[in-house]
Amino acid sequence: MADAAFSDDGKFYSAITQDGRLRIWDTETNVLKQEYTPDLHLTSPPSCLQWLNVTRSVSSQKGVRRKSISDQETQLIAVGTTSGKILLYSVAQAKVETVLIDQKSNEIHNNKIKTLDWHRKYGLYSCTGDNVVHEWDLQTASVKNKYNINVDSKSKQTNGVSAIKIIPHNGKSSARYLVAASWQLRIWCLHESQAVLVKNLGHNASPRALLALATAGNTCWLIEGSQNERLLSFWDVTITDENLPQVNGDEPTPNKRQRKKSITSAPLIPTPTCNFVLEDAPKIIDVNVETENGTKLQLAAATRSGVVHFYGHMLNGSATKPIKPSVTVYVTTPDATPLPLQCCRLATTGDLLLGYTNGAALCFERVTPDLNTKTQILIRGEAKEGKKKVKQTNEVNKVRSDEKSNDVTYVEPMGGVTRKRPTPGGQVEVTMEERLANLGLDVKSRGKSAVNQNLTKLLMQGLHSKDKRIILTVLQKDDPAVAMRTVSHLPADYVSLLLDQLADMATRKTSQCAAACTWLGATLRAHAALLLATSPQRLTHLLAILTHRRSHLCQLLNLKGRLELISSQRGTRDTELDHEPVLQYDDTSSEEEMEVERYQSDDSAQSWDEAEGEEEGQGEGEWGEAGGGEADSGDSD
């Protein structure tokens, strides 16, 4: 919610939603009474609101005698917009009655209404983005006066006024006093269309301040808080006669002692009367002062963490240490689910009006603070019923043996053993043989859903606690199927944390980089749309890492090949090769071999003798033929 406030009587609570709608709840009945959507609520949405109690005269009706004129008080809500308009919304009529706009404003300047404040005596005041305070006349719907507040600082973010508060005074002067919260908390005097700085209270570093004013007689106190600090500062902002402007030159002439004191005295650094410490930055604050038995301060603050702090402090001087809360109020359900508190208000009876969210509804309740304990826990709402396991039975296999009997016989499929189960709540008697038969010892036949769920939960636990040992236990499983099933069940909040761990693993050794690539591929396939929408920088970082590692791949492969070649060559020198001989000569001989050789030698001698006889016969024939020829030749002679 952008801004919220209670009415003066605490009967209504109004708030501006993020989409520019005005909602009004009845705190007595916890009912959303009205909801108003302004025109152009998206282009110029509401920026702030303030409750007003306007007294209007009601004239007598015609035809009715002795009807006197009476004053009627009307509750209005002033809603400031970013376009510079102020809408006066009537709760009774449920519509916008009047639109306040500065006709003489320049469109070049920042006319956004930053803050509003209302006082019964002084009227309605607003402050725009260019630090111009407007005093409005509600009867004529026009601007009475304009006051330019100069709050220039070195930081441009804290130049604007984020909150104003009107300080009442009992002087006869017509001047107005208000507190403006910018980069400093200052009191300004608005008189004759001029804003004069009266006092610097302290430093405020938040772009959005919370101010609450409490009065008791002629004394005024201011409670100041901011969105960035867990402290509430308590200031005394009472307007004295020294702060009132002098009329017609009636300023007294200081004597010699006063002039010497004013020259030699060092400037005092303003400090708050006391500080109140909070659990978290405040969202809404309320303050009340009682003066029956001493001056007692009551303070209530609702924080961003969903709790309400209540302080009861007696004002008897300044306090150097921060004051801790007297009691802290929590709201939870019976099953210990916290219900965040959104708002709080101090009633005149001393009770606390609390508003907390229960689901989509906003509930209000009056509570009396228990000052005997430091923590007050309210148990409201209903506990969430757990999901009951519903046993599903197969109607096909369910056979009722007897109508009067409560036992049901289950026929087991595939020729299993039948067993009887009694009514719900009874004991099931199963023999040891049946139990052993039902045990599945085959690991491959088991389902992997439980293992994947355990890996997903283990990975979520490791990413949440940033435990490297648990994360590496899961991510070193280099299995694409396991990675895909595990990542697909991973919530979207843990995807960015997983990418950071994968980027760290990608810079490690090769085995971890290979596993990181497997899990990265599974993550891209399972959460592609989410990564493109939310984590483009992480993907760019991973791409740069993998590209750098890939640039050295060719050199590493070349080196690997050379090393393998050298190692293989050195291995071949040391090994002895066994080859079969082509020719083998054996010197040893046996007796059989000798007999065979003798037999072969006898045969060879006979063959040599036969060959020689044949040669001699052939020679004699040749010589006989030659001798006969000679005889023939002799005879012829």
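**Terms and their cut-offs**

Reply: Start with T17, which lies in the loop between β2 (12–16) and β3 (22–26). Strands are DSSP runs of E with at least two residues, helices are runs of H or I with at least four, and both are numbered from the N terminus. This is a predicted model: local features need pLDDT of at least 70, side-chain atom pairs count only at pLDDT 80 or more, and totals for chains, interfaces and linings use all residues. Residues are numbered from 1 along each chain as its sequence is written, and side-chain values use heavy atoms, leaving out hydrogens and water.

Me: Why is T17 called buried?

Reply: Buried means under 20% relative accessible area (exposed is over 50%, partly exposed in between; 1.4 Å probe, protein chains only). T17 has 12% relative accessibility, so T17 counts as buried.

Me: What makes the link between the side chains of T17 and D19 a polar contact?

Reply: A polar contact is a pair of N or O atoms within 3.5 Å; within protein, one must be able to donate a hydrogen and the other to accept it, and residues adjacent in sequence count only if both atoms are side-chain atoms. The T17 and D19 side chains make such a contact at 2.4 Å.

Me: How do you know that β18 and β19 pair?

Reply: Two strands pair if DSSP finds at least two bridges between them. Strands β18 (219–226) and β19 (231–236) have four bridges, so they pair, in the antiparallel sense. W221 stands opposite D236 in β19.

Me: Why do β17 and β20 stand at the edges?

Reply: The open sheet has four strands in the order β17-β18-β19-β20, with antiparallel pairing. β17 (209–216) and β20 (274–277) each have a single partner strand, so one side of each is left without a neighbour in the sheet.
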